[in-house]
Amino acid sequence: MDIREKMHNGSLYLSMDEDLVAEQLQYLDRLYDFNQTRPTQQAKRTAMLKEMFAEVGEGCYIEPPFHANWGGKHIHFGKYVYCNFNCTFVDDTHIYVGDYTELGPNVVIATAGHPILPELREQVYQYNAPVRVGRNCWLGAGVIVVPGITIGDNTVVGAGSVVTKDLPANVVAAGNPCRVLREVNARDREYYFKDKKIHWDELNRRED
């Protein structure tokens, strides 16, 4: 089995394979260039993301510095995805992020794992499992998502959470390990933060 197949099917493989590392470094060079762009070079950033990522929809924005183990080669973004400062995607296999999802600063999404058995780690064996983040999610600052996780649409994950199990759609979850606190509910249509009310008439006028 080809080593690149092993990267994407959950098999153990040697991540320091000479040919693999040589290929990886080419993508990391491009990511380095992206992180050196100026804030006024928005069009250049957008064009670079289209070259770097497996898929990227319209209106996506990434605030440098951005870190990715394969420079974005295995990252799939829908449209209008937002990443704040210092997000890290360990994209040794595929990471999928749905439309309108927002990621706070210092979010980590990791697909790479290493065996518990010390002898295998000593030889630098690795395995990967894809991560899927749904549409219109919000991952707060410092959230960590481990390999193989799926997060459902519209779900909010509180700052500093460590997501070790799948999360369903339409919930608020937080903690280490992360757990579901409640469903998105009717009160969320009335209040956006603590006792701060949503003034729908004002929002609708602005959109008009």
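Before going on, a word on the model: it is predicted, so local features need pLDDT of at least 70 and side-chain atom pairs count only at pLDDT 80 or more, while totals for chains, interfaces and linings use all residues. Residues are numbered from 1 along each chain as its sequence is written, and side-chain values use heavy atoms, with hydrogens and water left out.

Helices (H or I, at least four residues) and strands (E, at least two) are DSSP runs, numbered from the N terminus. Two strands pair if DSSP finds at least two bridges between them. Strands of a sheet pair through backbone hydrogen bonds, either parallel or antiparallel.

Back to our opening pair. β12 and β15 are joined by two bridges and run parallel. They belong to an open sheet of four strands, ordered β4-β7-β12-β15, with parallel pairing. At the edges are β4 and β15 (150-151), each of which pairs on one side only.

There is also a sheet with five strands. Its order is β3-β6-β9-β14-β17; this sheet is open and its pairing is parallel. Which strands stand at the edges? They are β3 (67-68) and β17 (162-163); each has a single partner strand, so one side of each is left without a neighbour in the sheet. Inside the order, strand β6 (residues 88-90) and strand β9 (residues 108-110) run parallel and are joined by three bridges. Look for T88, which has V108 of β9 opposite.

Next, some antiparallel pairs. Strand β11 (residues 125-128) pairs in the antiparallel sense with strand β1 (residues 13-14), over two bridges. In that pair, L14 has Y125 of β11 as its bridge partner. β11 also pairs with strand β10 (residues 112-113), again antiparallel and over two bridges, and there A112 stands opposite N128. In a regular strand the side chains alternate between the two faces of the sheet. On β11, Q126 and N128 make up the covered face, while Y125 and Y127 make up the uncovered one.

Further along, β18 and strand β19 (residues 179-183) pair in the antiparallel sense over four bridges. One of the facing pairs is A173 with V180. The two strands form a hairpin with four residues between them, and G175 in the turn has a positive phi of about 115°.

Let's go inside. A nonpolar core is a set of buried Ala, Val, Leu, Ile, Met, Phe, Trp, Tyr and Cys residues joined through side-chain atoms within 4.5 Å. Buried means under 20% relative accessible area, exposed over 50%, and partly exposed in between (1.4 Å probe, protein chains only). The largest core here has 34 residues, and F66, F77, F89, L139 and I151 touch the most other members. Two or more residues each come from α2, α3 (42-52), β4 (75-77), β7 (95-97) and β12 (131-133). Of these, α3 gives the largest share, three residues.

A second, separate core of five residues includes I3, M7, Y13 and L20.

Beyond four places in sequence, L120 touches L12, P115 and Y125.

Last, the pockets. A pocket is an open set of points on a 1 Å grid over the protein atoms alone, where a 1.4 Å probe fits, with protein on both sides within 12 Å along at least five of seven lines; lining residues have an atom within 4 Å of a point. A volume is the space filled by probe spheres set on the points. The largest pocket has about 720 Å³. Its lining has 20 residues, with W138, N154, V156, V172 and Y192 nearest the centre. β20 gives the most to that lining, three residues. The second largest pocket holds about 150 Å³, and helix α2 (residues 18-35) gives the most to its lining, also three residues. Among the residues lining this second pocket are Y13, L20, A112 and Q126.

Key:
Contact = heavy atoms within 4.5 Å.
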